[in-house]
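Colleague: I would like a close look at one part of this model. Please take me through it step by step, and then show me what surrounds it.

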Amino acid sequence: MNPARTRVPHLVMAAGMLYFLVPLLWIAIAATKSQPDLLSTPALWFADFNLFTNLAQLFREDGGVYGDWLVNTAVYSGVSAVGATLLAALAGYGLARFSFPGKRFFETALLGMIMVPATALVLPTYLILSNIGIVNTMWAVILPSLLSPFGTYLVRVYVTESVPEELLDAARLDRASELRIFWQVVVPMIRPVLVTVFLFTLVATWNNYFLPLVMLSDADLFPLTVGLTTWFNTGQQEAGTRVLFNLVITGSLLAIVPLVIAFVLLQRFWRSGAATGALR
Amino acid sequence: MRRKRMTDHPVAGALFVLPFFLVVVAFLVVPLGYAFWLSLSSRSLALGERFTGFDNYVRAFSDPVLLDGFLRVVVFGAVQIPVMLGIALAGALTLDAVTTRFAIAFRLIAFMPYAVPAVLGALMWGFLYSRTFGPFADLPTVVGGEPFDFFSTDLLLLSLGNIVTWAWTGYNMIVLYSALQAVPREMYEAALLDGATQVQIALRVKVPVIRQAIALAAIFTVIGTMQFFVEPYVMARFAPQISAGYTPNLYAYNQAFAYSDFHYSAAISFALGFVVFVAAYAFVLLTRKRRQS
């Protein structure tokens with residue numbers, strides 16, 4: 001298209017970029033300010049540069065609990081994502097390339113499971129886990145996060161399209177065990193969809209708030225999302241006595257940056273996953 | 001032949017699915033069953049715990065707080081979802097037609113908010129809306145007007161809608177853009193040769209082709225909206241008029257953790273989940289059937 005005809009779309013896109021960027025710019029700027037400056041200086045411009053003071057205070061506050069939150073978040077999302085991806089890979093392959101009693105029913109149900117609102121499950125899961133005494137532990141967050149019907153669905157679709165049955169039969173003729181065929185033949189072929197499922201579940205757990213909010217009561221076990229909001233609440237209730245807003249802001253920035261970078265670098269995996277899911 | 005080969009290893013196939021199946025049973029089937037079982041009884045100081053059948057559901061469907069909350073979420077969704085998906089679709093069509101570096105930068109930036117946890121996004125916007133921290137509330141005073149109160153009852157739904165739109169537009173845009181990228185170019189080359197404009201092609205060729213993807217994005221958005229919790233929960237710190245029953249999900253949470261009425265809470269969760277599930281599943285089956293026929 002000639003430049004004149006792309007002027008309008010470019011103006012619209014510029015406006016969109018501004019809209020999506022302003023809150024992120026604000027938090028990046030606000031993280032460099034002391035709490036008094038936060039309240040008194042223009043919101044979208046710099047004051048005295050206190051980012052490193054804020055960071056130092058961030059990791060000292062409440063006996064360094066922010067460091068725990070960071071580690072917890074990484075553990076919860078890392079373990080959940082690896083586990084959910086593994087389960088989805090096994091089940092997706094099993095559904096796509098095998099036949100067994102009840103399979104048709106399970107496949108129909110799978111589509112339904114994607115539609116079950118996750119938060120409807122959180123309260124009853126909490127009650128069950130509290131009966132068996134594992135609420136307020138890491139497992140209370142990790143185990144429910146292993147459930148990813150959408151991941152299994154994505155793998156199933158991908159295997160159907162990209163793993164030829166002839167190849168599996170050839171491997172069977174070579175007397176390879178089913179598990180070995182899975183690891184050495186199937187997994188390398190479906191690696192793109194596995195990365196997609198991994199990223200989806202990683203982000204879902206990293207960003208999850210409702211589940212850990214309900215399951216956990218020890219501050220040592222909180223992920224970033226729950227921890228930072230408790231600081232925010234305290235900061236509001238004890239206005240003036242504790243300086244916390246600058247920490248909430250700096251802590252939020254630090255929680256966001258790794259994911260934003262990962263997103264920008266790995267966007268093509270989201271695109272392929274979205275396309276696989278949307279076009280069936 | 002194909003059929004027979006697939007049935008050769010039924011045990012192996014079932015074993016591959018087994019671990020996932022167990023997680024489904026433990027964290028989906030059992031919790032749903034337990035919620036339903038809980039919802040069929042009630043607890044009171046005088047009578048203790050006893051079976052009350054569908055009393056909790058009768059109570060839920062005649063509870064003005066719950067119905068108000070439900071209506072609020074429906075009204076919210078009826079405005080926010082079309083606006084957001086409309087912007088996302090327009091953005092996706094633009095990205096599909098314009099392939100400059102600028103467009104690529106736009107795509108990356110629009111996607112960024114999806115990486116921000118919803119609770120932190122809501123906190124950020126809460127700061128941005130506030131008069132003490134944010135740049136926007138005092139804008140009208142520059143020309144001598146009254147400052148905006150983004151937390152007032154009048155503007156609150158709009159403020160919440162903006163947070164959700166900011167967070168999810170880019171994600172939906174990428175989903176729709178991926179669907180557009182998968183459309184073979186030959187489908188509209190003929191239209192281009194006939195002198196059709198890009199806008200005509202977008203509306204008459206591209207949009208109909210990806211309507212399945214649009215429908216799916218709409219379903220997932222509806223499911224998400226009906227569970228509306230995090231944004232109002234966080235915003236309640238800034239706007240105290242966000243009551244315990246502002247949304248159905250917030251109400252279920254407060255019934256359980258503020259009033260310790262797990263039975264009623266379970267009934268609300270189950271009823272809400274059921275309504276959402278039936279609506280979404282019916283929609284999927286309907287669009288699938290229409291596509292196949």
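At which residue does α4(B) bend, and by about how many degrees?

Modeller: Keep in mind that this is a predicted model. The bend in α4(B) is at B:G77, and it is about 30 degrees.

Now look at the length of the helix. Helix α4 of chain B runs over residues 64-97, which is 34 residues. At 1.5 Å a residue, it should span 50 Å.

B:L71 sits in helix α4 of chain B. Is B:L71 buried or exposed? Count its neighbours. B:L71 has 11 C-beta neighbours inside 10 Å, so it counts as exposed; the cut-off for exposed is 12 or fewer. Then go back along the chain to B:F54. B:L71 and B:F54 are 17 residues apart in sequence, and their C-alpha atoms are separated by 22 Å.

Now the record. An unreviewed UniProt entry annotates "transmembrane region" at several places in chain B, including residues 70-93. In the model, residues 12-37 of chain B are 100% helix and 0% strand, with end C-alpha atoms 35 Å apart. Residues 155-177 of chain B are also 100% helix and 0% strand. Their end C-alpha atoms are 32 Å apart.

The unreviewed entry also gives "domain: ABC transmembrane type-1" for residues 70-287 of chain B. That span is 74% helix and 0% strand. Its end C-alpha atoms lie 26 Å apart.

Residues 12-31 of chain A are 95% helix and 0% strand, and their ends lie 29 Å apart, C-alpha to C-alpha. For residues 181-203 of chain A, the values are 96% helix, 0% strand and 30 Å.

Finish with the core. The largest nonpolar core has 169 residues. Those with the most contacts inside it include A:Y93 and A:V155 from chain A, and B:A92 and B:A122 from chain B. Zoom in on B:A122. Setting aside neighbours within four places in sequence, B:A122 is in contact with B:I163, B:V230, B:E231, B:V234 and B:M235. Of these partners, B:V230 is also listed among the residues with the most contacts inside the core.

How values were computed: Residues numbered from 1 in each chain as written. Chains lettered and ligands numbered in written order. Predicted model: local features only at pLDDT ≥ 70, side-chain atom pairs only at ≥ 80, totals over all residues. UniProt positions renumbered as here; feature names shortened; annotations may be inferred. Helix = DSSP H or I, 4+ residues; strand = E, 2+ residues; numbered from the N terminus. Expected span 1.5 Å × (residues − 1). Bend = angle between axes of the 7 residues up to and from the residue. Core = buried A, V, L, I, M, F, W, Y, C linked by C-beta atoms within 7 Å. Buried ≥ 20, exposed ≤ 12 C-beta atoms within 10 Å, placed from the backbone. Contact = placed C-beta atoms within 7 Å.
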